[in-house]
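User: I'm new to reading protein structures. Could you walk me through this one, feature by feature?

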Amino acid sequence: MIGRVEASDLRSVSILANSRLRENYSIELFQHLYEDQPGCFLTAKEDNELLGFLVGVPVNGTSLRILMIAVKSTRTRHGIGAMLMGSAETYASIRKMNSIVLEVGTGNEDAIGFYNHLGYRMTGLIPEYYKDRSDAFVMRKFISM
Ligand SMILES: CC(C)(COP(=O)(O)OP(=O)(O)OC[C@H]1O[C@@H](n2cnc3c(N)ncnc32)[C@H](O)[C@@H]1OP(=O)(O)O)[C@@H](O)C(=O)NCCC(=O)NCCS
């Protein structure tokens, strides 16, 4: 169910991203992320239907930074997000990275609850992080290698 993204997934990924995430992302961005293979680009599928995706990129070789994660709105609270994050943690651990880091909107209570449940802790605040000038918390989880 969790696998590496394929070229044929990119349109569905772009539609899901733009329906679930606060910023707008072009299909070209996902094509770039796919073609450059800079890190961890995963999908969650059932019967070839895209239910979720995650993009993470390495930072200094020591952390994996989660750029995006989203699960289809009709399929939340079924463990799909946790599976995607678990696969990202495995990706980082295999590459001897010591933590996963991410930014989350200070008002995104769903995602904050989700990350807390998975063991992520707030380590900072970035004022005016988003295009609409709202703030983000930085959250991090140390992983064992
Ligand atoms: C955040 C998101 C990825 C979570 O995905 P998900 O598949 O619903 O998460 P899971 O089912 O794996 O949740 C695992 C646990 O996290 C916690 N959790 C998940 N959603 C939560 C919520 N809305 N409120 C509080 N805790 C939550 C729960 O403890 C949950 O376990 P439970 O359902 O057995 O109680 C999903 O809600 C989403 O796509 N949100 C919109 C996009 C977004 O905000 N992305 C993050 C940007 S930083």
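User: Which element gives the largest share of the shell around the ligand?

Analyst: That's α4, with 5 residues. Keep in mind that this is a predicted model. In all, 19 residues surround the ligand, and the closest are T76, G81, A82, D110 and G113. Elements giving two or more residues to this shell are β4 (63-71), α3 (80-94) and α4 (109-117).

User: How do the residues of that shell divide into nonpolar, polar and charged?

Analyst: You get 9 nonpolar, 7 polar and 3 charged residues around the ligand.

User: Okay, what about the inside? Which residues touch the most other members of the largest nonpolar core?

Analyst: Start with the general idea: in soluble globular proteins, nonpolar side chains tend to be buried together. Here, the largest nonpolar core has 34 residues, and L42, F53, L54, L84 and A88 touch the most other members. The largest share, 6 residues, comes from β4.

User: Let's zoom in on L84. What is L84 in contact with, leaving aside its neighbours within four places in sequence?

Analyst: L84 is in contact with I2, L42, A44, G52, L54 and I69.

User: Which strand is β6 joined to, and how do the two run?

Analyst: Its partner is β7 (residues 136-142): 5 bridges join the two, and they run antiparallel. To find your place in the pair, look for M122, which stands opposite M139 in β7. A handy tip for any regular strand: the side chains alternate between the two faces of the sheet.

User: Now the big picture. How many helices and strands are there, and in what order do they run?

Analyst: There are 4 helices and 7 strands. From the N terminus on, read β-α-α-β-β-β-α-β-α-β-β. The radius of gyration is 14 Å, close to the 15 Å that the globule rule gives for 145 residues, so the protein is as compact as a globular protein of that length.

User: What share of the contacts join residues at least 24 apart?

Analyst: Among contacts between residues at least 6 apart in sequence, 56% do.

Terms used. Residues are numbered from 1 along each chain as its sequence is written. This is a predicted model: local features need pLDDT of at least 70, side-chain atom pairs count only at pLDDT 80 or more; totals for chains, interfaces and linings use all residues. The radius of gyration is taken over C-alpha atoms; the globule rule is 2.2 Å times the number of residues to the power 0.38. Two residues are in contact if their C-beta atoms, placed from the backbone, lie within 7 Å. Two strands pair if DSSP finds at least two bridges between them. A residue is near a molecule or strand if its C-beta atom, placed from the backbone, lies within 6 Å of it. Ala, Val, Leu, Ile, Met, Phe, Trp, Tyr, Cys and Pro count as nonpolar, Asp, Glu, Lys and Arg as charged, and the others, Gly among them, as polar. A nonpolar core is a set of buried Ala, Val, Leu, Ile, Met, Phe, Trp, Tyr and Cys residues joined through C-beta atoms within 7 Å. A residue is buried if 20 or more other C-beta atoms lie within 10 Å of its own, exposed if 12 or fewer, and partly exposed in between; C-beta atoms are placed from the backbone.
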